[in-house]
Amino acid sequence: MTRHRVLAVLSVLLVASLVLTACPAPAPADSAAAEGQQEAAAPMPSDDLVNITYSYGSRGIPADLQMVEDAMNEILHEKIGVHLTLEPIDFGAFNDKMQLRLSAGEECDIIFTAPWINSYANNVANGVLAPLDDLLLDHAPGLWGSMPATTWDAARVNGVIYGVINQQIFPKPWGVHPRKDLAEKYGLNLDSVSKWEDMEPWLADVRDGEGITPVFVAAPGRGLFLSQYYGFDPLDDGIHFLGMKADDESLTAVNMVETVEFQMAAETTKRWVDEGYMPLEPLPNDEAQSAFRAGQYAMGYHVEKPGNDVESQNAYGFEFLLKNLTVPLILDTAGATATMNAICSTSENPGKAMEVLEEFNTNVHIYNLLSRGIEGVHWVWEDEANQVMRYPEGVDGSTSSYNPNTDWMFGNQFNAYYRDAKQVGAWEATKEMNDTAFPSEALGFVVDREPIKTEIAQTSAVYDEFVLPIQYGWVAYADGAAEAIEKLNEAGAQTIINEVNRQLQEWRAKNPR
């Protein structure tokens with residue numbers, strides 16, 4: 001389907017989407033009633049139903065998976081004539097298992113795919129994903145109309161959409177979230193903070209006054225070079241040195257290790273390590289998080305999306321402030337396509353699979369069943385008017401029998417019920433960030449790795465050995481950068497850059513602004 005047809009029929013289809021809006025089914029008042037209802041009403045597949053399977057990564061298999069699947073099917077059977085089978089696969093095995101299935105040509109329906117696991121780019125290159133343009137228009141008008149055309153462009157490969165983007169935070173507002181108590185105790189005014197270096201006087205005060213290493217970093221380590229913060233589109237998150245200035249109309253990829261921005265970040269990181277603001281030897285992740293809960297850190301730095309202060313409070317027990325330091329926010333392909341669901345080219349019913357994805361993304365009740373579980377069993381209302389839920393009495397995230405905690409995998413996260421009253425309004429604020437972020441000049445471009453796969457493997461090993469110690473602040477830029485750049489080039493970095501620049505120009509010729 002051409003883009004002209006897309007634009008021509010979009011307004012009609014958006015009206016049609018109103019008809020598809022779901023009405024939540026009443027939920028049982030308590031756990032016992034809910035279990036009884038599930039046992040009595042558990043739907044059974046029949047010959048009239050189309051069977052669709054959804055395969056995705058999971059942190060273990062929830063005890064009440066079948067109960068939730070049955071509750072979803074009570075709705076899906078009647079509404080779209082589908083019997084859905086949920087197939088969570090442990091994250092540790094998900095990538096290998098899916099790649100084996102796909103390479104063997106096994107039948108599958110909906111699968112989770114991303115740049116970082118079950119690779120979207122590789123799956124498209126291998127021809128294992130179905131093209132979705134017509135399916136979106138014909139079977140998921142509400143989903144199609146929920147995002148601007150520029151956002152959908154990020155999922156296009158050679159002009160074709162192969163993955164449904166899960167709405168969440170797309171740009172990366174890299175910034176800081178300091179503990180509120182220590183911010184007040186040592187006089188931190190975030191209004192006066194616009195860059196990493198502005199945090200240093202406060203970090204010194206906390207280090208000296210509290211006797212702690214203020215900045216949370218977990219093993220293996222982490223530096224302050226975060227590409228979007230410095231205005232770069234990373235182009236391919238798996239080629240760590242590769243990037244392009246997001247506003248570069250010439251579409252010229254560079255080795256970011258050679259840039260003044262990388263040098264600035266490396267020197268600041270080294271200073272933070274030397275001054276004791278960051279740990280020289282970071283603890284393993286679990287131990288580092290326990291140390292944060294015990295008060296051994298004063299600040300984290302991350303994607304400071306709306307509501308991240310509340311998420312951090314729930315994780316560590318302290319109240320936090322937050323400040324985005326990334327201006328302007330950049331919408332790049334990697335950010336917009338960070339989590340997606342796709343339909344296998346072997347699916348016997350791709351239209352029905354797309355109808356399931358329409359439900360995941362537009363039906364609030366279906367999405368929250370999948371993400372949160374059943375009301376009265378796995379959660380209860382804290383403030384229904386503001387869509388704020390909580391765990392039932394005596395239950396928390398670690399003891400719940402259904403708590404995937406992977407809302408970002410399943411569909412439109414802006415349909416999720418809030419877990420804390422302080423988060424109310426965060427979804428609207430996040431969508432505003434998404435819709436107003438600066439679109440990279442390379443938005444929609446995907447690196448074809450096939451011609452440079454050997455060089456990618458070689459440079460990845462060199463990056464880990466020679467660049468990460470500089471990036472993490474263990475080796476001074478002045479002492480290690482020249483050798484690191486030389487080693488990268490010997491491993492094929494310039495070959496990669498030349499090929500990517502060729503691909504960028506070819507892509508621009510097919511996708512003029």
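Guide: Start with Thr-268, which is in contact with Glu-197, Glu-200 and Leu-224, leaving aside its neighbours within four places in sequence; contact means heavy atoms within 4.5 Å. This is a predicted model, where local features need pLDDT of at least 70, side-chain atom pairs count only at pLDDT 80 or more, and totals for chains, interfaces and linings use all residues. Residues are numbered from 1 along each chain as its sequence is written, and side-chain values use heavy atoms, with hydrogens and water left out.

Visitor: Is Thr-268 buried or exposed?

Guide: Thr-268 is buried, because its relative accessible area is 2%. Buried means under 20% relative accessible area, exposed over 50%, and partly exposed in between, with a 1.4 Å probe and protein chains only.

Visitor: Which side chain has a polar contact with Thr-268?

Guide: That of Glu-197, at 2.9 Å. A polar contact is a pair of N or O atoms within 3.5 Å; within protein, one must be able to donate a hydrogen and the other to accept it, and residues adjacent in sequence count only if both atoms are side-chain atoms. Thr-268 itself is in helix H11, residues 260–274. Helices (H or I, at least four residues) and strands (E, at least two) are DSSP runs, numbered from the N terminus.

Visitor: Where is Tyr-230?

Guide: In the loop between helix H10 (200–210) and strand E8 (232–233). Tyr-230 counts as buried because its relative accessible area is 11%. Beyond four places in sequence, Tyr-230 touches Trp-196, Leu-224, Phe-225, Lys-245, Glu-261 and Ala-265. Its C-alpha atom is separated by 7.8 Å from that of Thr-326, 96 residues apart along the chain.

Visitor: And Gln-167, what does its side chain pair with?

Guide: The side chain of Ser-146, through a polar contact of 3.2 Å. Gln-167 is in the loop between strand E6 (164–165) and strand E7 (174–178), and is buried because its relative accessibility is 3%. Not counting residues up to four places away in sequence, Gln-167 touches several residues, including Met-147, Asn-412, Phe-414 and Lys-431.

Visitor: Switching to the core. How many residues has the largest one?

Guide: The largest nonpolar core has 145 residues, and those with the most contacts inside it include Trp-196, Phe-241, Trp-272 and Val-500. Helix H3 (residues 65–80) gives the largest share of this core, eight residues. A nonpolar core is a set of buried Ala, Val, Leu, Ile, Met, Phe, Trp, Tyr and Cys residues joined through side-chain atoms within 4.5 Å.

Visitor: What does Phe-241 contact?

Guide: Leaving aside neighbours within four places in sequence, its contacts include Val-254, Met-256, Tyr-463, Leu-488 and Ile-497. There is also a second, separate core of nine residues, with Phe-216, Ala-291, Tyr-297 and Phe-318 among them.

Visitor: What lines the largest cavity?

Guide: The lining includes Val-217, Arg-222, Met-278, Tyr-472 and Trp-474.

Notes
1 Å grid on protein atoms, 1.4 Å probe; cavity = no way out; pocket = protein on both sides within 12 Å on 5 of 7 lines; lining within 4 Å.
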